[in-house]
Amino acid sequence: MPAYRIRLRLRGPLATPLHSGTLFGHLCWAKRLHEGDAALTAWLAALLESPLLLSDALPRDHLPRPLLQPDDRLEPAAGESRQDFLQRLQQDKKLRKAVFIPVADFLDLRTGLCETSLLARLRQRAAEQERTEHTQPRRQFHPLSLAVRQAHNTIDRLTGTTPETGGLYFMEEEWRWGTAAELDVYAAGEIPSEELQTLFDAVGEFGFGRDANLGRGRFVANVEAADPRLSDHDGNRLLSLSHGVLTPNMAAPFYKLHTHYGKLGGLYAGGERSPFKHPLLLTRPGATFSPADAGPFGTLLAGTHPHHPEIRQNAWHFSLPFTAA
């Protein structure tokens, strides 16, 4: 199954997170736009036998931090003082909150990956960053990404006015600059790179997610073959890069849950029927598990909307192998 890396260069803020299932929905609308309803229906039917695996959009050259078996051997190292030991525990507590790790670190550690080796690498990265900050000249700090809260007010559709009290609410969007504006999406499936490029180009042109008509979610995409080293490993565990569901062939999983409140887009965003889907309980990227077979892992969910049985949710996992120590 061919694997691709799609590098996105953001041209505007993001008002909707680039999750794998939501991105799949946008690709479906792009497919319908270019080829029509019949082609989309046939494509969805074919995916049951030949799935399209998608990852979330990840920071450039990074992967989700794997969830691993906790290390319960909390004791000082040889020659380590009690004070240094306690300081290391405090630092490890912060490092465990890391969401992403560099691809290079995953490739280096994958042959014997465990919580101890991963924390040691994260400590090394933190020390290198601290030394770099001390040696570089002091200059004004400019963040490469910023979460912006936008204030909104509800409107009474009968009067066309806002309520005197209780109508104010806030919604967040993310602004990115420089290298932070580049994201990586991984895909695998029996789909030509040219077709995948066309679909991503359409999504990037019209915008992704909420307020796309205001310029949110615009990007430029570049589809290329994924680094073969990512899948060239015969490991005993897999790392998920997607929001997906657990299936029986995913043994001994470690995961964190995310409640997904989906909403229909495109032509189904308005009209007489509600655009809101049923809530879904999904695993977050970074989940790890032991494969019971060759996959695929997760599934293409049906019945996600009360009035549109044809709607599907891509809850497959794009996963990478590693060996747990």
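Me: In which loop is I311 found?

Reply: I311 is found in the loop between β15 (298-301) and β16 (313-316). Strands here are DSSP runs of E with at least two residues, helices are runs of H or I with at least four residues, and both are numbered from the N terminus. The model is a predicted one, in which local features need pLDDT of at least 70, side-chain atom pairs count only at pLDDT 80 or more, and totals for chains, interfaces and linings use all residues. Residues are numbered from 1 along each chain as its sequence is written, and side-chain values use heavy atoms, with hydrogens and water left out.

Me: Why is I311 called buried?

Reply: The terms are set by relative accessible area: buried is under 20%, exposed is over 50%, and partly exposed is in between (1.4 Å probe, protein chains only). I311 has a relative accessible area of 14%, and therefore it is buried.

Me: Which residues does I311 contact, leaving aside its neighbours within four places in sequence?

Reply: A contact requires heavy atoms within 4.5 Å. On that basis I311 is in contact with L264, Y268, K277, L301, A302, G303 and T304. As for spacing, I311 and M250 are 61 residues apart in sequence and 25 Å apart in space, C-alpha to C-alpha.

Me: What makes D184 count as buried?

Reply: D184 has 0% relative accessibility, and so it counts as buried. This residue is found in strand β8 (residues 182-188). Leaving out residues up to four places away in sequence, D184 touches R5, I6, R7, S55, D56, A57, L58, P59, R60 and D61.

Me: What joins the side chains of D184 and R7?

Reply: A polar contact of 2.8 Å joins them. The term denotes a pair of N or O atoms within 3.5 Å; within protein, one must be able to donate a hydrogen and the other to accept it, and residues adjacent in sequence count only if both atoms are side-chain atoms.

Me: Why is E182 buried, and with which side chain does it make a polar contact?

Reply: E182 has a relative accessible area of 16%, so the residue is buried. Its place is also in strand β8. The side chain of E182 makes a polar contact with the side chain of R9 at 3.4 Å. Apart from residues up to four places away in sequence, E182 touches R7, L8, R9, L58, P59 and R60.

Me: How do you know that the side chains of R7 and D61 meet in a salt bridge?

Reply: A salt bridge places a side-chain nitrogen of Lys or Arg within 4 Å of a carboxyl oxygen of Asp or Glu. For R7 and D61 the N to O distance is 3.1 Å, and the pair is a salt bridge. R7 lies in strand β1 (residues 3-10) and D61 in the loop between β3 (58-59) and β4 (62-64), so this pair ties together parts that are 54 residues apart in sequence. R7 counts as buried because its relative accessibility is 14%, while D61, at 36%, counts as partly exposed.

Me: Why is W177 called partly exposed?

Reply: W177 has a relative accessible area of 39%, so the residue is partly exposed. W177 is found in the loop between β7 (168-176) and β8.

Me: How do you know that the radius of gyration of the protein chain agrees with a compact globule?

Reply: The radius is taken over C-alpha atoms, and the globule rule is 2.2 Å times the number of residues to the power 0.38. With 325 residues, a compact globule would have a radius near 20 Å; the protein chain has 22 Å, which agrees. The protein chain has 6 helices and 17 strands, and buried residues make up 41% of its 325 residues.
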